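Subject: Structure handover

Hello,

Here is the structure I said I would pass on. My notes on it come after the file.

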Amino acid sequence: MSKIQKIKGFVDLFPEEAAKFTRMEQLARDTFSRYGFGELRTPVLEKTELFQKSIGEDTDVVGKEMFTFPDRKDRSLTMRPEATAGVVRAFIEAGVHQPGKVSKYFTFGPMFRYERPQKGRQRQFHQINAEVFGAPEAQADAELILMLRTFLNALGLTKLTVELNSLGCHDCRPAYRQALVDYYTSKDRGNFCEDCRRRMDTNPLRVLDCKVPACKALVADAPVITDHLCPECETHFADVRTVLDGAGVAYELNPRLVRGLDYYVRTCFEVASYDIGSQTAVAGGGRYDGLIKTLGGPDCPASGFACGMERLALLLDQLEAPAPDFYLAVVDASASNQAMLFAQQLRDKGLCGEVSFGSGSMKSRMRAANKSGAKVCLIMGGDELAGATVTVKPMTGDGEQETVSQADYLARIEVQE
Ligand code: HAM
């Protein structure tokens, strides 16, 4: 029978790789809780309209990349392509917001985008996501970037670039959009790719982000948003930078950074690494005041970011698993049951280690003990079974092999503790 294979763009994480993900999650939990964030877990499956209304119909994510299918009652459902929309939905649905209250949530988990798989890009990938609701202030954006930096530094990642921009607000962006459309028209719309010709009407800012070389060249001299910010947005952006400057965060201003999701206003940012191939963005985020209201909730400002865990994993060294305390080598099958019970008593005392299964020669058992990296090899055969003893062979240092009663050995551990 032919083997069933995993779906293209989906991956299995075996222990060595999974350990990196666990470490990232632990560090994120520790770091984010120091900033007052609590964990929120939301479903991976949501109604399709949630993403259409939040991320935007004309984005690549909604237009081309969603895993969308009807359920048994023909309702359109979508595997979440990002966490923000679901977190906002949950926040509105729970009705927890009160005016003036700030809520901070983080969430981890798999996201799904139907993109062409390559290094650092999968169809199922994992994000670490943080959102702040109820704080319109620039300091909330700066705090998010500081928290992100603290987390990435704690992971040992320091060679990263932060790109920063302000996308203006609902007051000043319309004039900028018009300035862009005028500019594109002056360059003759027909010279742009088909996607960009459409974007000029639906979201002219996205043209700045086009990867097609001809479009890139055409937008090189396009007007920049930072020349069109209203005084409030200018002050907001200046405050974000003042806090980042004060904290010594190195960043680059990139007035062409527009992000691929439509909900952003004012601050937006991306963190890139140039050590992981062509998919350089390891994290991205920004402010999205207005989204909560658009989705039927209160008029509550919001800001957040997400890190791509697979891309961060590419930057992490393989983790050394801690050495087990023991390897229990059963050299006579008659001792198997007793060995398993003895090992359980050791584990009950907090030790970690494995027991060999089946039958095997002393030589093969010693090889396995060596390979496991255990600090001691405990040997149990017919003699040990008969005498309720265990033979202890230290694997490190120059201690002597000895045979002791199982009870004494267990008691010794208590003394050590
Ligand atoms: P995003 O920039 O679309 O933002 O995704 C955030 C990160 O997820 C990216 O920087 C990248 O590291 C990772 N990522 C995205 N797609 C893939 C993929 N196909 N394979 C591997 N990694 C990927 C958001 O998702 C926003 N929700 C962030 C946010 C939160 N903004 C406000 N709050």
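This is a predicted model: local features need pLDDT of at least 70, side-chain atom pairs count only at pLDDT 80 or more; totals for chains, interfaces and linings use all residues.

Residues are numbered from 1 along each chain as its sequence is written, and side-chain values use heavy atoms, with hydrogens and water left out.

Ligand site

The shell around the ligand holds 27 residues, of which E82, T84, E115, Y264 and A281 come nearest; a residue is near if one of its heavy atoms lies within 4 Å of the molecule. A nitrogen atom of the ligand lies 2.7 Å from a polar side-chain atom of E115. For E131, a polar side-chain atom is 2.8 Å from a nitrogen atom of the ligand. On the backbone side, a polar atom of V282 is 3.4 Å from a ligand oxygen atom. On its own the ligand has 660 Å² of accessible area, and the protein covers 96% of that (Shrake-Rupley method, 1.4 Å probe).

Strand 6 (124–133), strand 10 (281–287) and strand 11 (302–308) are the elements that give two or more residues to this shell. Strand 10 has the largest share, with six residues. Helices (H or I, at least four residues) and strands (E, at least two) are DSSP runs, numbered from the N terminus. By type, the shell divides into 10 nonpolar, 10 polar and seven charged residues. Here Ala, Val, Leu, Ile, Met, Phe, Trp, Tyr, Cys and Pro count as nonpolar, Asp, Glu, Lys and Arg as charged, and the others, Gly among them, as polar.

Nonpolar cores

The largest nonpolar core has 92 residues, and F32, F133 and F151 touch the most other members. Such a core is a set of buried Ala, Val, Leu, Ile, Met, Phe, Trp, Tyr and Cys residues joined through side-chain atoms within 4.5 Å. Helix 5 (residues 138–154) gives the most to this core, 10 residues. Apart from it lies another core of 18 residues, including L328, V330, F342 and L378. Beyond its neighbours within four places in sequence, F133 is in contact (heavy atoms within 4.5 Å) with residues including V87, V88, F91, Y288 and I292.

Helix 4

In helix 4 (residues 84–94), T84, A85, G86, V87, V88, A90 and F91 are buried. Buried means under 20% relative accessible area, exposed over 50%, and partly exposed in between (1.4 Å probe, protein chains only). The cover over these buried residues includes strand 2 (45–47), helix 2 (48–55), strand 5 (103–112), strand 6 and helix 10 (291–294). Just after helix 4, G95 takes a positive phi of about 60 degrees.

Single residues

N203 sits in the loop between helix 7 (194–202) and helix 8 (213–218). N203 counts as buried because its relative accessibility is 12%. Its side chain makes a polar contact with the side chain of D262 at 2.8 Å. A polar contact is a pair of N or O atoms within 3.5 Å; within protein, one must be able to donate a hydrogen and the other to accept it, and residues adjacent in sequence count only if both atoms are side-chain atoms.

D325 is in the loop between helix 11 (309–315) and strand 12 (326–330). At 18% relative accessibility, D325 also counts as buried.

R241 belongs to helix 9 (residues 231–246) and, at 23% relative accessibility, counts as partly exposed.

Regards
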